[in-house]
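Take a moment to look over the sequence and the 3D view below.

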Amino acid sequence: MVVGRNPVNGAMFMILSLVGVAGLFVLLNAFFLAVLQILVYAGAVMVLFLFIVMLLDVDVVSKRSPGNLTIAAGTVSVFLLGLGFVALLDRPQMLPEPTLLAPERLPSLETPMAFVTGIQAYGYSLFTKYMLPFQMTGLLLLVAMIGIIVLSKRFENKSV
Amino acid sequence: MTLHSVILVAGILFITGFLGVLLRRNTLIVLMSVELMLNAVNLAFVGFSRYNNTMDGAVFVFFIITVAAAEVAVGLAILVALFRRRQTVMLDTINQLKD
């Protein structure tokens, strides 16, 4: 996606990587999130991207020659990430293997809900501990919807 | 399947998206790279959630997916409005505020 020049090819590889991440979610026993990933990302978001690529009819272009600041930022970030990898792989005992415990009967604030695979755990968390973020998410979606309507509206007889 | 491999894959995905944001000049590709970075963070969240044996990280992924979907919708709407006016989506030609 980064090195290719055709946006459609990039979108196809993006779908491939999103499906791969969904497979990793399945391997981590987060089945609901895997289904959500396929539906929202690979289904809705990438279809939107491909639709816009088709609508705008972007042709294949040459790459931008990056500036000095860009090169410096890229080098520093890759170096920092490599440093993190080395620090992580150098000491395997720092993070032992994850183990799955039996889920709690009734989760509370002091004893949070254990990692379980069922969908009802998500609902329980969403409507108890994360009630305010959940409602904020609804507000955010409303704001996004209104914003898109305003952006997409053609303002006639108005010079901007 | 260890936590290390999950963090490794998430880091590689994140750096791929970051380099895409830095190096590409097509705004559509830049938006896709931002999505890839958010996805890498999602993967790390689920990995750590599984590792800590709590539900919180996995629930937070839910919010991130929602925010990402809203961001893509708004970003693409802005992009279409921009293309309607300037007939381009290339980043280096959109420099009107620079002067």
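A residue counts as buried when its relative accessible area is under 20%, as exposed when it is over 50%, and as partly exposed in between (1.4 Å probe, protein chains only). This is a predicted model, in which local features need pLDDT of at least 70, side-chain atom pairs count only at pLDDT 80 or more, and totals for chains, interfaces and linings use all residues. Residues are numbered from 1 along each chain as its sequence is written, chains are lettered from A and ligands numbered from 1 in the order in which they are written, and side-chain values use heavy atoms, with hydrogens and water left out.

Start with Val46(B). Is Val46(B) buried or exposed? Its relative accessible area is 0%, so Val46(B) is buried. Val46(B) sits in helix α2 of chain B, residues 27-52. Helices (H or I, at least four residues) and strands (E, at least two) are DSSP runs, numbered from the N terminus. Leave aside residues up to four places away in sequence, and Val46(B) touches Phe25(A), Leu28(A), Ala30(A), Leu33(A) and Val61(B). Touching here means contact, with heavy atoms within 4.5 Å. Gly57(B) is eleven residues from Val46(B) in sequence, and their C-alpha atoms are 5.9 Å apart.

Now step back to chain B. It has three helices and zero strands. Of its 99 residues, 57% count as buried.

Turn to chain A. Two packed helices are described by the angle between their axes and the distance between the axes. Axes are lines fitted to C-alpha atoms, for helices over the stretch in contact, and angles run from 0 to 180 degrees between N-to-C directions. Helix α1 (residues 7-27) of chain A packs with α2(A) at an angle of about 175°, and the axes are 8 Å apart. That makes the two helices α1(A) and α2(A) roughly antiparallel. Angles under 35 degrees count as roughly parallel, over 145 as roughly antiparallel, 65 to 115 as roughly perpendicular and the rest as oblique.

Finish with helix α4 of chain A, residues 119-127. Which residues of α4(A) are buried? They are Ala121(A), Tyr122(A), Ser125(A) and Leu126(A). Seen down the axis of α4(A), these buried residues fall within an arc of 130°, so they line one face of the helix. The arc is that of the directions from the helix axis to the C-beta atoms. The face turned away from the buried side of α4(A) carries the exposed residues Ile119(A) and Gln120(A). The buried residues of α4(A) pack against α2 (31-56) and α5 (131-152) of chain A, together with α3 (56-86) of chain B.
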